[in-house]
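Welcome! Please take a look at the sequence and the model below, and then we can walk through some of the helices and residues together.

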Amino acid sequence: MKNKKLEANLSMAISKVFSGLNMNALKFLLPLWMSPLTGATIRCTFAAVAFWVIGWFSAPEEKTSRKDKWLLFLLGVVGLYGFMFLYLVGLSKTTPVSSSIFTSLQPIWVFLIMIFFFHEKATAPKIIGISIALVGALVCILTQQSDDLASDAFTGNMLCLFSSVVYAVYLVASQRILSAVGPVTMLKYTFSGAAFSGIIVSLSTGFDAPVLSMPFHWLPFAVLMFVLIFPTTLSYMLLPVGLKYLKTTVVAIYGYLILIVATIVSLILGQDRFSWTQTFAILFICVGVYLVEVAESKDKAIPK
């Protein structure tokens, strides 16, 4: 069991570090080297192909019903692609640090969904934690100004906020289906659905990716390959390992790595500037998410 926990901790750490670097890499690519809509299509299609190939070489999983396969596909069509679509468009207009602030709000949206739609108990610690985190989000939205690093900060922040809500809905829905299917099966069908949406949208709006056109530019191409292989494919493969063996609070703490990595790399690369308001927002969201996760962990520990 100790080896499994060590494996789970390493999996979560690697996954979240890649997720943080993903924001900086995408900010480098968008919109100069590819448009946000084309970027979403490329990511979803590459991941769909990768997970089908991985599935051929993986151990067989439990047989999945046709109904569950269609549910996963539709979940990808709407939820996963909707998240990618909103997130990439938002990131192209704001900074990696701000986008990571809203990504870290996903646990808050999950708890709100469970409270309003699945009648989970809304305890005082959870309400306090949610309120603190939302104050942090509002500070970021209302105080960040557009500049040379964020072409339309308010719109970008709102789109990143909506993307985190959509991803939370996707997580809740997929978790309920995941109990009946294996993780590779889930990844294959959800990303196939997301790729389907991306291809339809790209056929309507056009495919805009100078990074893949001639003359060849090695740096943006290398950055794109990093995004596709590590944050898009490997990170999604590692997440189930961490979720299986670690407590919810530990998983939430690892989520803070996204904020830390994106902030440090953004400041080093000049993709963002130090801001006291962003620092305030980060601290409030981290504290809020932690309080909610601790309250949730205690609720689960109490015998029913």
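## A serine to start with

In which helix is Ser-100 found? Ser-100 is found in helix 4, residues 96–103. Here helices (H or I, at least four residues) are DSSP runs, numbered from the N terminus. Ser-100 counts as buried because its relative accessibility is 1%; buried means under 20% relative accessible area, exposed over 50%, and partly exposed in between, with a 1.4 Å probe and protein chains only. Leaving aside neighbours within four places in sequence, Ser-100 is in contact with Met-23, Ile-258, Leu-259 and Ala-262, where contact means heavy atoms within 4.5 Å.

Before going on, a word about the model: it is predicted, so local features need pLDDT of at least 70 and side-chain atom pairs count only at pLDDT 80 or more, while totals for chains, interfaces and linings use all residues. Residues are numbered from 1 along each chain as its sequence is written, and side-chain values use heavy atoms, with hydrogens and water left out.

## Helix 2 against helix 3

Two packed helices are described by the angle between their axes and the distance between the axes. Helix 2 (residues 36–57) packs with helix 3 (residues 66–91) at an angle of about 140°, and their axes are 8 Å apart. That angle makes helix 2 oblique to helix 3. Axes are lines fitted to C-alpha atoms, for helices over the stretch in contact, and angles run from 0 to 180 degrees between N-to-C directions. Angles under 35 degrees count as roughly parallel, over 145 as roughly antiparallel, 65 to 115 as roughly perpendicular and the rest as oblique.

The crossing of helix 2 and helix 3 is right-handed; a crossing is left-handed if the near helix is turned anticlockwise from the far one by less than a right angle, and right-handed if clockwise. Helix 2 brings Pro-36, Leu-37, Gly-39, Ala-40, Arg-43 and Cys-44 to the contact, and helix 3 brings Tyr-81, Met-84, Phe-85, Leu-88 and Val-89. By class, the contact of helix 2 with helix 3 has nine nonpolar, one polar and one charged residues. In this scheme Ala, Val, Leu, Ile, Met, Phe, Trp, Tyr, Cys and Pro count as nonpolar, Asp, Glu, Lys and Arg as charged, and the others, Gly among them, as polar.

## Helix 3 meets helix 8

Helix 3 also has a partner in helix 8 (residues 183–205): their axes come within 7 Å and cross at roughly 55°. Helix 3 and helix 8 are therefore oblique to each other, and the crossing is right-handed. Among the contact residues are Leu-72, Gly-76, Leu-80 and Tyr-81 of helix 3, along with Tyr-189, Gly-193, Ala-194 and Ser-197 of helix 8. The contact of helix 3 with helix 8 divides into 13 nonpolar, seven polar and one charged residues.

Helix 8 has 23 residues and reaches 32 Å from its first C-alpha to its last, close to the 33 Å expected at 1.5 Å a residue; the expected span is 1.5 Å times one less than the number of residues. Just after helix 8, Gly-206 takes a positive phi of about 100°.

## Helix 5 and its neighbour

Helix 5 (residues 106–117) has 12 residues and spans 16 Å from its first C-alpha to its last, close to the 16 Å expected. Its buried residues include Trp-109, Phe-111 and Met-114. Just after helix 5, His-119 has a positive phi of about 60°.

Helix 5 packs with helix 6 (residues 124–143) at about 135°, with axes 10 Å apart. Helix 5 and helix 6 are therefore oblique to each other, and their crossing is left-handed. The contact is made by Ile-108, Trp-109, Leu-112 and Ile-115 of helix 5 and Gly-129, Ile-130, Ala-133 and Leu-134 of helix 6. Those residues divide into seven nonpolar, one polar and no charged.

Leu-224 lies in helix 9, residues 218–245, and is buried, with a relative accessible area of 1%. Not counting residues up to four places away in sequence, Leu-224 touches Leu-29, Met-34, Ile-42, Val-211 and Leu-212. The C-alpha atoms of Leu-224 and Leu-26 are separated by 7.9 Å, although the two are 198 residues apart along the chain.

Val-53 lies in helix 2 and counts as partly exposed, at 33% relative accessibility. Pro-31 is in the loop between helix 1 (2–29) and helix 2, and the peptide bond from Leu-30 to Pro-31 is cis, with omega near -10°.

Definitions and conventions. Helices (H or I, at least four residues) and strands (E, at least two) are DSSP runs, numbered from the N terminus.
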